[in-house]
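Biologist: Could you show me how to read a protein model, one feature at a time?

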Amino acid sequence: MIRLPPQVYAFSMQWSDQAIILGVRRHGESSVIAEVMTSAHGRHLGLVRSGRSRAMQPVLQPGNSVEVTWRARLDEHLGEFRVEPLELRAARLMEAATSVYGIQALGALLRLLPERDPHPHLYEALAVIVDHLQDPADAGELFVRFELAVLNDLGFGLDLSECAATGSRAELVYVSPKTGRAVSRAAGAPYAERMLALPDFLSGAHSAADHDSLAAAFRLTAYFLNRHVYEPRGVDVSSARDGFVHATLKALKPAAPSAA
């Protein structure tokens, strides 16, 4: 029997892609298993040899953009990553509570999706959000839209484009907790106490997100994530989401009027 040299068959699977670091965990004395969100290969894990070295530790921080080359003998194997830095944001992300909690909460959302399933639009959205996490208003609005996109990819998308009862696109102020569809002010008025509020910035009103509208938006997405994802799977909501929501709303809370 002819034996091929090891280097010929050691890695028969290989690809390269842009990615954003979601997290790492230790593996052995010097290596780590890195978790990344890639442009074309979804959320992916890979072994990074010497990942705990002084040179690699600053690179393998959540929020950093990198170029990864993944190699494995078989497609179902964990495989190895070769990582090259593209944009190192981690130090900047440590400067604000919204950034610290935000990058963790985004990673937790992506872990709701099957590993290695491609979601290029979520990668593109993630790349935008990580550059705005330090601005509470922008970060809050982008995060809510990211949650809605994840819900949609999981098969539980909300329809906020028109009234479920009348088909009207005007004065959409409610969301039905049963159907996840928008409801107009007039059609929803008799059932207002049972409806969820639809913030203006999600209804196509072209208004900017503020403290109150973001608080309503966070309640809206939390309701459907709990109903369709967390409760059926028997898992808890990420504590990082709670931290992000608190930090965002605290930063946007209107200042109390000063005493005369």
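Modeller: Happy to! This is a predicted model, so to speak of local features we need pLDDT of at least 70, and side-chain atom pairs count only at pLDDT 80 or more, while totals for chains, interfaces and linings use all residues. Residues are numbered from 1 along each chain as its sequence is written, and side-chain values use heavy atoms, with hydrogens and water left out.

Biologist: How many helices and strands does the chain have?

Modeller: Helices (H or I, at least four residues) and strands (E, at least two) are DSSP runs, numbered from the N terminus. Here the chain has 8 helices and 8 strands. Its C-alpha trace spans about 80 × 50 × 30 Å along the principal axes.

Biologist: What percentage of the residues count as buried?

Modeller: Buried means under 20% relative accessible area, exposed over 50%, and partly exposed in between (1.4 Å probe, protein chains only). In this chain of 260 residues, 45% count as buried.

Biologist: Where is there empty space?

Modeller: Rolling a probe the size of a water molecule over the atoms shows where empty space is left. On a 1 Å grid over the protein atoms alone, a cavity is a set of points where a 1.4 Å probe fits but cannot get out; a pocket is an open set with protein on both sides within 12 Å along at least five of seven lines, and lining residues have an atom within 4 Å of a point. Grid points are joined across faces, edges and corners, and a volume is the space filled by probe spheres set on the points.

This structure holds 1 cavity of 30 Å³ or more. Its lining includes Ala-105, Phe-143 and Tyr-230, and helix 3 gives the largest share, 3 residues.

Biologist: Which helix gives the most to the lining of the largest pocket?

Modeller: Helix 3 again, with 5 residues. That pocket holds about 170 Å³ of space, and among its lining residues are Leu-22, Ile-103 and Arg-111. Helix 2 (90–93) also supplies at least two residues of the lining.
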